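My notes follow the order in which I looked things up.

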Amino acid sequence: MSIQINQQKCVGCGQCMEVCPGTLIEKEQGKAVMRYPRDCWGCASCVKECPVGAIGFFLGADIGGNGSVMTVTKDGQILHWNIHKSNGREVTIDVDRRSSNKY
Ligand code: SF4
Ligand code: SF4
């Protein structure tokens with residue numbers, strides 16, 4: 001499980017590097033670079049922190065993703081979980097951050 005960083009979208013803010021618990025992302029020439037993809041355990045923290053939706057989270061077959069890639073964009077407290085499916089279709093799930101941990 002790993003992530004992919006879109007170099008065209010990355011603005012080099014460094015937030016993904018700060019939140020990654022494994023210190024797996026580094027900065028190179030002002031852009032974020034995933035240095036240790038095999039060590040990523042898929043916590044998705046970096047994906048949620050990125051302010052410009054530059055980080056794609058690979059959804060493998062082991063979790064039913066069949067090769068889809070997810071990015072997250074924000075609109076205030078609303079997170080848009082954008083699923084880019086391998087067949088070209090896109091699905092968006094909106095989550096309100098204020099209620100995401102309510103039971
Ligand atoms: S998904 Fe988690 S472990 Fe993997 S690079 Fe992002 S923050 Fe680090
Ligand atoms: S959080 Fe996003 S924009 Fe900021 S450095 Fe990481 S990939 Fe680039």
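This is a predicted model: local features need pLDDT of at least 70, side-chain atom pairs count only at pLDDT 80 or more; totals for chains, interfaces and linings use all residues.

**Ligand shells**

I started with ligand 1 and found it surrounded by Ile-3, Cys-20, Pro-21, Leu-24, Met-34, Cys-40, Trp-41, Gly-42, Cys-43, Ala-44, Ser-45 and Cys-46. My cut-off for being near a molecule was one heavy atom within 4 Å of it. The shell of ligand 1 splits into 10 nonpolar, two polar and no charged residues.

Residues are numbered from 1 along each chain as its sequence is written, chains are lettered from A and ligands numbered from 1 in the order in which they are written, and side-chain values use heavy atoms, with hydrogens and water left out.

Then I looked up ligand 2, whose surroundings are Ile-5, Cys-10, Val-11, Gly-12, Cys-13, Gly-14, Cys-16, Ala-32, Cys-50, Pro-51, Val-52 and Ile-55. Here too I noted 10 nonpolar, two polar and no charged residues.

**Core**

Which residues have the most contacts inside the largest nonpolar core? I got Ile-3, Ile-5, Ile-25, Val-47 and Ile-55, in a core of 24 residues. A core here is a set of buried Ala, Val, Leu, Ile, Met, Phe, Trp, Tyr and Cys residues joined through side-chain atoms within 4.5 Å. Among the elements that each supply at least two residues of this core are strand S1 (3–5), helix H1 (15–19), helix H2 (45–49) and strand S5 (68–75). Helices (H or I, at least four residues) and strands (E, at least two) are DSSP runs, numbered from the N terminus.

I checked Val-47 with its neighbours within four places in sequence left aside, and it is in contact (heavy atoms within 4.5 Å) with Ile-3, Ile-55, Phe-57, Met-70, Thr-71 and Val-72.

**Sheet**

I traced an open sheet of five strands, ordered S1-S4-S5-S6-S7 with antiparallel pairing; two strands pair if DSSP finds at least two bridges between them. S1 and strand S7 (90–96) stand at the edges with a single partner strand each, so one side of each has no neighbour in the sheet.

S6 and S7 are joined by seven bridges. Trp-81 has Ile-93 in S7 as its bridge partner, and His-80 stands opposite Asp-94 in S7. The two strands form a hairpin with five residues between them, and Gly-88 in the turn has a positive phi of about 95°.

In S5 I picked out Ser-68, which counts as buried because its relative accessibility is 6%. Buried means under 20% relative accessible area, exposed over 50%, partly exposed in between (1.4 Å probe, protein chains only).

**Loops**

Gly-60 is in the loop between S4 and S5 and is buried at 9% relative accessible area. Asn-66 is found in the loop between S4 and S5, but is exposed at 55%. I noted a positive phi of about 50° for Asn-66, although it is not a glycine. Most residues other than glycine have a negative phi.

Gln-29 also has a positive phi of about 50°, and at 80% relative accessibility it counts as exposed.

Technical notes: Ala, Val, Leu, Ile, Met, Phe, Trp, Tyr, Cys and Pro count as nonpolar, Asp, Glu, Lys and Arg as charged, and the others, Gly among them, as polar.
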